[in-house]
Amino acid sequence: MKKTLKQTLSEKIDKQRPRTKKLLKEYGDVVVDQVTIAQVIGGMRGIKSLVTDISYLDPEEGIRYRGYTLEEVIEGLPKPKGGDMPYVEGLFYLLLTGDFPNQEEVQQVVDEFSKRRIVPRFVYDVIDSFPTSSHPMAIFSTAILTLNRESVFNRQYQAGLSKKDYWEATYEDALNLLAKLPEIAAYIYNKLYRKGERILSDPNLDMGANFAQMMGIEKPYDDVSRLHFIIHSDHESGNVSAHTGHLVASSLSDIYLSISAMINGLAGPLHGLANQEVLRWLQEVMNKMDNKLPSTEEMEQFVWNTLNSGQVIPGFGHAVLRKTDPRYKLQREFSQKHLPDDPIFKYADLLYKVVPPILQKHGKAKNPWPNVDAQSGVIQWHYGVKDYDFYTVLFGIGRSIGICANIIWDRALGYPLERPKSVTTDMLEKIAGIKKMAEAEEN
Ligand SMILES: CC(C)(COP(=O)(O)OP(=O)(O)OC[C@H]1O[C@@H](n2cnc3c(N)ncnc32)[C@H](O)[C@@H]1OP(=O)(O)O)[C@@H](O)C(=O)NCCC(=O)NCCS
């Protein structure tokens, strides 16, 4: 009998624990980084103060999961029969263990997820009680929060759980939640945009195919879902959603509290909401153009108008990346193959040509290149998901996979409560060796 994912993970954890322990005990005083005033005031940009082995974001190359590029991940993970994109469940295996699962191992995870899909009635009741004018991210976050009463970790913690076993209860919570997220998301979609008409899930399908089924969208939307969930799953630990999930979980809040919080961070327009902003922006341009594709000069003018009114161009720029996002590239390739003549794709592709030189000329953004959000909504739109408020929920399903894997490992390695130190402006002025601004003005 093949080992289960949990058994494999348990062995990996036993191997990893002494490494972390040794670093802490014997090398705890070694300096990793220094911190400037610009970083203290500037959102802690670039300070090396978090650790994860699950993914690493290279500014030039983009994200690697467990050391593998996205192309290698998509190539190396098992795929369902007839699918071009791999099982999302296989990605969860890879993120947790660092190993590519074989067909049998991935099937075990597919079965585990399938067993845990049923969402309690009270969650649907909470979703139903929202006004239909609510943003789907607010509903999504609340639905996840509502599940907190199901937490295995909480139950076992109250009964007295040994620290070394925290991860196992967290693992159970993570699987229980991840299996339910597509069901919850599809239910929200149907409530808000399809007058409550619901298509039930099929226990024989993998996560991507089942999501497509519940959304009522034909192939290759199963592959679209798999690709979407996989490329959005992790982007190392410092981005708002990943960091929020880690931070909240560090107080031993359970998975539901932590993932609900991270969803709230993802819902900001500078983070996950940018994918809906891209579509909103493109629609505005399309309306003004009467749906005709603008010339390069006309598109340049739209971009400048947005910049000159003090707004950002959604889908471009990044806090860490300094090149075109590989997640963007993969989606563009998918679009070139499956929807080359789609009018919105043509608009987005024209933006790809026009925006970077303008941002360079504008001279503010450190990275003028497109990020993941510049393309993801375009694909959704093509397959009929035109209610773009919903796009960040899709991002949220994917991102939860990476954050859950991280939280399980946080618990396994005994990472403590997060608690950085703050200083006052007076203190910063003193450190900088300058007089307080008020005193300087008086003199
Ligand atoms: C992603 C983002 C929030 C990163 O922010 P950041 O780390 O502060 O980025 P930078 O250091 O390059 O920002 C420097 C300046 O360039 C501006 N800038 C960055 N990206 C820009 C864009 N796409 N359009 C216009 N201006 C931009 C910033 O607003 C900032 O202006 P300020 O000095 O007046 O405050 C930013 O690029 C952005 O707002 N992009 C658009 C939203 C988006 O696509 N988000 C999804 C990210 S995956």
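In strand S3, threonine 69 is the bridge partner of arginine 64. This pair belongs to a predicted model, where local features need pLDDT of at least 70, side-chain atom pairs count only at pLDDT 80 or more, and totals for chains, interfaces and linings use all residues. Residues are numbered from 1 along each chain as its sequence is written, and side-chain values use heavy atoms, without hydrogens and water.

**Sheet**
- An open sheet is formed by 3 strands in the order S1-S2-S3, with antiparallel pairing. Strands are DSSP runs of E with at least two residues, helices are runs of H or I with at least four, and both are numbered from the N terminus.
- Strand S2 (residues 62-65) pairs with S3 in the antiparallel sense over 2 bridges. Two strands pair if DSSP finds at least two bridges between them.
- Strand S1 (55-58) and strand S3 (68-69) are the edge strands, and each pairs on one side only.

**Nonpolar cores**
- The largest nonpolar core has 117 residues, of which Phe92, Phe140, Phe211, Tyr221 and Ile259 touch the most other members. Such a core is a set of buried Ala, Val, Leu, Ile, Met, Phe, Trp, Tyr and Cys residues joined through side-chain atoms within 4.5 Å.
- Helix H9 (residues 166-193) gives this core its largest share, 15 residues.
- A second, separate core has 5 residues, including Val152, Phe153, Leu161 and Ala169.
- Beyond its neighbours within four places in sequence, phenylalanine 211 has contacts that include Pro182, Tyr221, Phe229 and Phe390. Contact means heavy atoms within 4.5 Å.

**Helix H18**
- Helix H18 (residues 373-382) is largely enclosed by the rest of the structure, because 9 of its 10 residues are buried. Buried means under 20% relative accessible area, exposed over 50%, and partly exposed in between (1.4 Å probe, protein chains only).
- Among the buried residues of H18 are Asp373, Gln375, Val378 and Trp381.
- The buried residues of H18 pack against helices H11 (221-231), H14 (274-288), H16 (326-338), H17 (343-362) and H19 (391-412).
- Glycine 384 follows H18 and has a positive phi, near 100°.

**Ligand site**
- The ligand is surrounded by 19 residues, and the closest are Ile313, Gly315, Phe316, Lys364 and Lys366. A residue counts here if one of its heavy atoms lies within 4 Å.
- A polar backbone atom of glycine 315 is 2.8 Å from an oxygen atom of the ligand.
- A nitrogen atom of the ligand lies 2.8 Å from a backbone N or O atom of phenylalanine 316.
- For alanine 365, a backbone N or O atom lies 3.2 Å from an oxygen atom of the ligand.

How values were computed: Polar contact = N/O pair within 3.5 Å; in protein donor to acceptor, adjacent residues only side chain to side chain.
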